[in-house]
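Morning, everyone. I have one structure to walk through today. Please have a look at it first.

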Amino acid sequence: MSDTDLTRQPEEPSNPAWLVLPRLRVQNANAISSPMTWGFPAITAFLGLMTALERRLGRGAGITLDGVGVVCHGFEPQVSAGGYTRSFALTRNPVGHDGSTSAIVEEGRAHLELTLVFQARVASPLLDAAARSDLVHRVAEQVAGMRVAGGSVLPHLADTPGGPHRRPVPELVLTPADEEEARKAFRRIARRCLPGFALVSRHDLLEARHAELLAATPGASRLDAWLDLSRWNHRAVLHPRPDGAAPPAPEAAQPADWQQDARPGWIVPIPVGFAALAPLHEPGTVAGARDPHVPFRFVESVYSIGQWLSPHRLRAPTELFWFAERPDEQGLYLCTNDYALHLARRSNASPDVQPVSSDQ
């Protein structure tokens, strides 16, 4: 099937499918994803990749990408070695016109190995297996020349010592209509992602910790709760006094044990989008904008809590995928994930999720 044949299809892609890009090796990805976090790239980078890939393929490809799931198999930050304090390995490229070194532009980099799973819809011609195979090859060629979170995609190491035993093969899988068959198909994809860790949203933990802080300290903000979840907390727990013992004098030292707060899994602070700082500016009215043909807006990062989970712990495809949303007209651009919602339904509780911005 040629691209011309697909272009002639009048229908919009409507058949659900999953596009799997396994074991992408990315060099020098952006490790500073917001003003207050560093480490794994922000999920906005992968939703941006999804949009760029869809635009590169064009409408004639017969596929629409709606969401993306990210599974990390390897993370290697480019930092100094040795000592307790680490610093990023920075570069001084490029040099000036006279050969002198330029001022250092602070950037953090990391090498990654990822599997990306896209929630997609395909047109009827792609119900044919051969047509899907052709499209997958085209997708692989496009991704090989794209930036992923600012990093470069490297070839696989199938033929080198220490590389994977089998060359990872991208695939476009039609989502079975039967719910049980769909679950089995997703479980097979999840097993392909092992060993690895999938990033999911845990807004519910942020709200729960905020409620706990409010109970102890009226006026505590969601930013306080976010910072509390972003660190290891150690608290002094006083030893219980014997029955009938007189209370100690205020100046007396009371014996105590230091205990560390339990953490509900491998949770991390993450940026999940942007909040507008100003109204939209007309295209071309702001100097230095990346694209002078689209409206421009100044924004700040919006933060929440994420969790790394082994993919085999996910029970439904929607627990893996992240989607881009604009929940209102107040200038919020958010990346959302339904894992916390599914978790609450399983425990018959509905979380009241709300992200936090740096001004709270």
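This is a predicted model: local features need pLDDT of at least 70, side-chain atom pairs count only at pLDDT 80 or more; totals for chains, interfaces and linings use all residues.

The overall picture first. The chain has 7 helices and 14 strands. It runs to 360 residues, and 39% of them are buried. Now take the contacts with a separation of 6 or more. Of these, 75% join residues 24 or more positions apart.

Next, the helix pair. Two packed helices are described by the angle between their axes and the distance between the axes. Here the pair is H2, residues 43-57, and H3, residues 129-144. Their axes come within 10 Å and cross at roughly 120°. That angle makes H2 oblique to H3. What is the hand of the crossing of H2 and H3? It is right-handed. On the H2 side, the contact is made by Leu53, Arg56 and Leu57. On the H3 side, Arg138, Val139, Gln142 and Val143 take part. Sorted by class, the contact of H2 with H3 has 4 nonpolar residues, 2 charged and 1 polar.

Now H6, residues 222-229. How many of the 8 residues of H6 are buried? The count is 6, so H6 is largely enclosed by the rest of the structure. The buried ones are Arg222, Leu223, Ala225, Trp226, Asp228 and Leu229. Note that Arg222 and Asp228 are on that list, and both count as charged. The N-terminal end of H6 has a cap, serine 221. A side-chain oxygen of serine 221 lies 3.3 Å from the backbone nitrogen of leucine 223.

On to H7, residues 339-346. Buried residues in this helix are Tyr339, Ala340, His342 and Ala344. What do the buried residues of H7 pack against? Three strands are partners: S7 (197-201), S11 (299-309) and S13 (332-337). Helix H5 (203-216) is a partner too.

Last stop, proline 35. This residue is in the loop between strand S1 (15-30) and H2. Is proline 35 buried or exposed? With a relative accessible area of 73%, proline 35 is exposed; the cut-off for that is over 50%. Even so, proline 35 has contacts from elsewhere in the sequence. Leaving out residues up to four places away, proline 35 touches Ser301 and Tyr303. There is also proline 271, 236 residues from proline 35 along the chain. The C-alpha atoms of these two prolines are separated by 9.4 Å.

That's my tour. Over to you for questions.

Notes:
Residues are numbered from 1 along each chain as its sequence is written. Side-chain values use heavy atoms; hydrogens and water are left out. Axes are lines fitted to C-alpha atoms, for helices over the stretch in contact, and angles run from 0 to 180 degrees between N-to-C directions. Helices (H or I, at least four residues) and strands (E, at least two) are DSSP runs, numbered from the N terminus. Angles under 35 degrees count as roughly parallel, over 145 as roughly antiparallel, 65 to 115 as roughly perpendicular and the rest as oblique. A crossing is left-handed if the near helix is turned anticlockwise from the far one by less than a right angle, and right-handed if clockwise. Contact means heavy atoms within 4.5 Å. Buried means under 20% relative accessible area, exposed over 50%, partly exposed in between (1.4 Å probe, protein chains only). A polar contact is a pair of N or O atoms within 3.5 Å; within protein, one must be able to donate a hydrogen and the other to accept it, and residues adjacent in sequence count only if both atoms are side-chain atoms.
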